[in-house]
Amino acid sequence: MNLKGKFTHIFFDADDTLWENERYFREAEAKFTGLLADYTSPEGVQQMLWEKQEENIPLFGYGSKTYMIGMTDAALELCGGHMPDHIYYGVKKIITDLAFHKLEIIEGVEETLKALQGQYRLIVATKGDLPEQMGKYRQSGLTGYFHHCEVMENKDETNYLELCTKNDIDPSRLLMIGNSVKSDIAPVVGIGGTAIHIPHEVVWVHEMMDMPESERIIEVQGIRDIVSYLL
Ligand SMILES: [Mg+2]
């Protein structure tokens with residue numbers, strides 16, 4: 001199937017599509033589990049953290065700062081309401097390491113962007129904490145390939161429709177590339193767009209969802225595979 005000429009705009013998800021992200025969160029969780037090993041089992045820590053994340057994301061959005069609140073909430077509860085200072089500072093260190101890790105661009109990304117540049121308007125469509133996401137975008141070395149970066153409040157159909165209006169895009173001429181079925185694929189197909197799913201080995205539990213049925217969804221193994229559909 002060749003889709004050349006079908007799209008005017010291509011949105012790229014950022015975390016775990018352009019650069020590694022989720023693996024650092026998993027590492028942070030493993031450190032957090034170790035920090036609280038005296039209080040409960042690894043599964044108990046994980047479960048408590050998950051519950052606190054679910055409470056905090058609707059209030060404060062995505063990103064490492066919200067993760068810090070979730071971790072301190074979970075630690076406080078697991079410590080029985082009295083959190084020793086070494087636990088608090090341990091959490092802060094875990095989050096600092098998470099927020100300032102070196103950005104690692106996923107293999108094949110740069111050559112793919114180079115091939116598509118000039119043929120389509122390329123836009124980064126990511127969600128999360130604004131300064132955190134823009135900071136990653138700016139230090140990625142990829143800004144020259146993109147028209148701009150959109151940091152979305154969430155990635156649901158309303159958000160994508162708003163982006164189309166703002167950028168004057170007909171949804172039927174939009175292609176989204178991403179690793180999350182829930183955030184990158186389902187809502188874009190839902191508004192009449194097309195999506196290419198590139199799975200990443202690590203999927204955040206919050207993003208898990210079955211692939212919807214649609215002729216406008218393409219699944220590939222790696223980002224390089226998208227070029228043959230588009231040029
Ligand atoms: Mg992603």
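When I say two residues are in contact, I mean that their C-beta atoms, placed from the backbone, lie within 7 Å. Keep that in mind, and keep in mind too that what you're looking at is a predicted model.

Okay, let me start with Phe 12. Ignoring its neighbours within four places in sequence, Phe 12 is in contact with Thr 17, Leu 18, Leu 122, Val 124, Ala 125 and Ile 177. So what is Phe 12 part of? Phe 12 belongs to the largest nonpolar core, which has 30 residues, and along with Leu 174, Leu 175, Met 176, Ile 177 and Val 188 it touches the most other members. The elements that put two or more residues into this core are β1, β2 (121–127), α7, β4, α8 (181–190) and β5 (194–197). And which of them gives the most? That's α8, with five residues. There's another core as well, apart from this one: it has 17 residues, including Met 48, Leu 49, Tyr 67 and Leu 98. As a general point, nonpolar side chains in soluble globular proteins tend to be buried together.

Now, β4. Is this strand covered or open? Mostly covered: five of its five residues are buried. Go face by face and you get Leu 174, Met 176 and Gly 178 on one side, with Leu 175 and Ile 177 on the other, and both faces are covered. As for its partners, β4 pairs with β1 in the parallel sense, over four bridges, and His 9 is what stands opposite Leu 174 there. β4 also pairs with β5, again parallel and over four bridges. On that side, Leu 175 has Thr 194 of β5 as its bridge partner.

Let me zoom out for a moment. The protein has nine helices and six strands. Its radius of gyration is 19 Å, close to the 17 Å that the globule rule gives for 231 residues, so the protein is as compact as a globular protein of that length. The C-alpha trace spans about 60 × 35 × 30 Å along the principal axes. Buried residues account for 32% of the 231. And if you take the contacts between residues at least 6 apart in sequence, 67% of them join residues at least 24 apart.

How is the chain divided up? Into domain 1, which is 9–20 + 104–230, and domain 2, which is 23–99. Their centres, taken over C-alpha atoms, are 29 Å apart. Where they meet, eight residues of domain 1 are in contact with ten residues of domain 2. The domain 1 side of that is three nonpolar, one polar and four charged residues.

On to Gly 128, in the loop between β2 and α6 (130–139). Buried or exposed? Buried, because Gly 128 has 23 C-beta neighbours inside 10 Å, and the cut-off for that is 20 or more. Not counting residues up to four places away in sequence, Gly 128 touches Gly 61, Tyr 62, Gly 63, Gln 133 and Val 151. Look back at the domain bounds: domain 2 runs 23–99. His 147, on the other hand, is 19 residues from Gly 128 in sequence and 19 Å away, C-alpha to C-alpha.

Next, Leu 116, in helix α5 (residues 109–116). Leu 116 counts as partly exposed, because 19 C-beta neighbours lie inside 10 Å. Beyond four places in sequence, Leu 116 is in contact with Ile 10, Leu 122, Val 227 and Leu 230.

Asp 16 has a phi near 65°, a positive value in a residue other than glycine. Asp 16 is in the loop between β1 (9–12) and α1 (22–35), and with 23 C-beta neighbours inside 10 Å, Asp 16 counts as buried. Asp 168 has a positive phi too, near 55°. Where does Asp 168 sit? In the loop between α7 (157–166) and β4 (174–178). Asp 168 counts as exposed, because there are 8 C-beta neighbours inside 10 Å.

That's my tour, thanks.

Definitions and conventions. Residues numbered from 1 in each chain as written. Predicted model: local features only at pLDDT ≥ 70, side-chain atom pairs only at ≥ 80, totals over all residues. Buried ≥ 20, exposed ≤ 12 C-beta atoms within 10 Å, placed from the backbone. Rg over C-alpha atoms; globule rule 2.2 N^0.38 Å. Domains from an automatic or database assignment. Nonpolar A, V, L, I, M, F, W, Y, C, P; charged D, E, K, R; others polar. Core = buried A, V, L, I, M, F, W, Y, C linked by C-beta atoms within 7 Å. Pairing = 2+ DSSP bridges.
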